Amino acid sequence: MTTLTLADVHALHEKVRTERPLVHNITNFVAMTIAANVLLAAGASPAMVHSMDEVEDFGRIARALTLNIGTLSSDWIAGMKLAAAVYKAAGKPIVFDPVAVGATRLRNTAAADLVAMGPTVIRGNASEIMALSGVAGLASKGVDSSASSNAALDSAVALAKSSGAVVAVTGEVDYVTDGTRTVAIEGGHELMPLSTALGCSLTGLVGAFVAVAPAFEGTVAALAVYAAAGAIAGKRVKGPGFLPQELCDALYALDLEGLKTNAAIRSI
Ligand SMILES: Nc1ncnc2c1ncn2[C@@H]1O[C@H](COP(=O)(O)OP(=O)(O)O)[C@@H](O)[C@H]1O
Ligand SMILES: Cc1ncsc1CCOP(=O)(O)O
Ligand SMILES: [Mg+2]
């Protein structure tokens, strides 16, 4: 298998910057502003809209949909299902972020239903990917992971096989798998989990990349770009407070040199 190179990743980032794809995000209240800024800084165009009454119209103009169950309620679930059906019918990519799945019955049922609708990509932390793939007896800590991404790799592969989606499990090392091919992406910074909504924002960024590239390559590229920008930002800050702002500045300025110095992709 030929691994995506960092030059390929940079070319896809330039494609995002040139095409500026509109990404429709039904995301949580915590992430809305941070994720929108991440998408803008990386060169895409975000819309953070969740009304059921606007799904059909946005489905005509947006190039990808992201669904995030972070601040869930019953009416939002109905809106997400409608949106998933509209984008699926239009043949446009859907990225699903199963925030805190495993913590409540509402989330477990909603996540299972959304996975059954056939998302293009599922992106979550280790605990979420393990819970979604059916690992029993997990103690959920809510939105934060209590496991390493390495421990979730088998679950990610199993989930990719059972769902047909490309699965990205993030953490100290990120992994992307379609059930057959698996790559690891290194980079990022240990402060990233201490700043809220950076995972949710990455899910939005995956939406932008899969709008302009096939699901597996687009997901790897989005994670590599984010890993490099996260590493650059982490070196600039004194703590988590200004990390989102530095991350946006790093995404905005990211070039091939910055990618090569701060991220790595390897086949496993
Ligand atoms: N220990 C770490 N070292 C480097 N990067 C990390 C670390 N933990 C998380 N990240 C990065 O933070 C981002 C969010 O991942 P994660 O924390 O797993 O998701 P979530 O915020 O949904 O829990 C990803 O880009 C991931 O690579
Ligand atoms: C803190 C919090 N509570 C509900 S959603 C949310 C944001 C979670 O963001 P992330 O999964 O990117 O850490
Ligand atoms: Mg998350």
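The model is predicted, so local features need pLDDT of at least 70 and side-chain atom pairs count only at pLDDT 80 or more, while totals for chains, interfaces and linings use all residues. Residues are numbered from 1 along each chain as its sequence is written, and chains are lettered from A and ligands numbered from 1 in the order in which they are written.

**Around the ligands**

- Ligand 1 is surrounded by 18 residues, where a residue counts as near if its C-beta atom, placed from the backbone, lies within 6 Å of the molecule.
- The closest of them are N125, T170, G188, M192 and G199.
- By type, the shell around ligand 1 has 6 nonpolar, 8 polar and 4 charged residues; Ala, Val, Leu, Ile, Met, Phe, Trp, Tyr, Cys and Pro count as nonpolar, Asp, Glu, Lys and Arg as charged, and the others, Gly among them, as polar.
- The shell around ligand 2 includes N28, G70, T196 and A197, and it divides into 7 nonpolar, 5 polar and no charged residues.

**Helix α8**

- Buried means 20 or more other C-beta atoms within 10 Å of a residue's own, exposed means 12 or fewer, and partly exposed is in between, with C-beta atoms placed from the backbone.

**Two annotated residues**

- An unreviewed UniProt entry places the feature "binding site" at M48 and A197; such annotations may be inferred rather than shown by experiment.
- Although spread over 150 residues of sequence, they cluster in space, with a largest C-alpha distance of 14.0 Å.
- M48 sits in the loop between β2 (45-47) and α3 (55-61) and is partly exposed, with 19 other C-beta atoms within 10 Å.
- A197 sits in the loop between β8 (182-186) and α8 and is buried, with 24 other C-beta atoms within 10 Å.

**The nonpolar core**

- The largest nonpolar core has 97 residues, and F209, A224 and V225 have the most contacts inside it. Such a core is a set of buried Ala, Val, Leu, Ile, Met, Phe, Trp, Tyr and Cys residues joined through C-beta atoms within 7 Å.
- α9 gives the most to this core, with 14 residues.

Note on methods. Helices (H or I, at least four residues) and strands (E, at least two) are DSSP runs, numbered from the N terminus.
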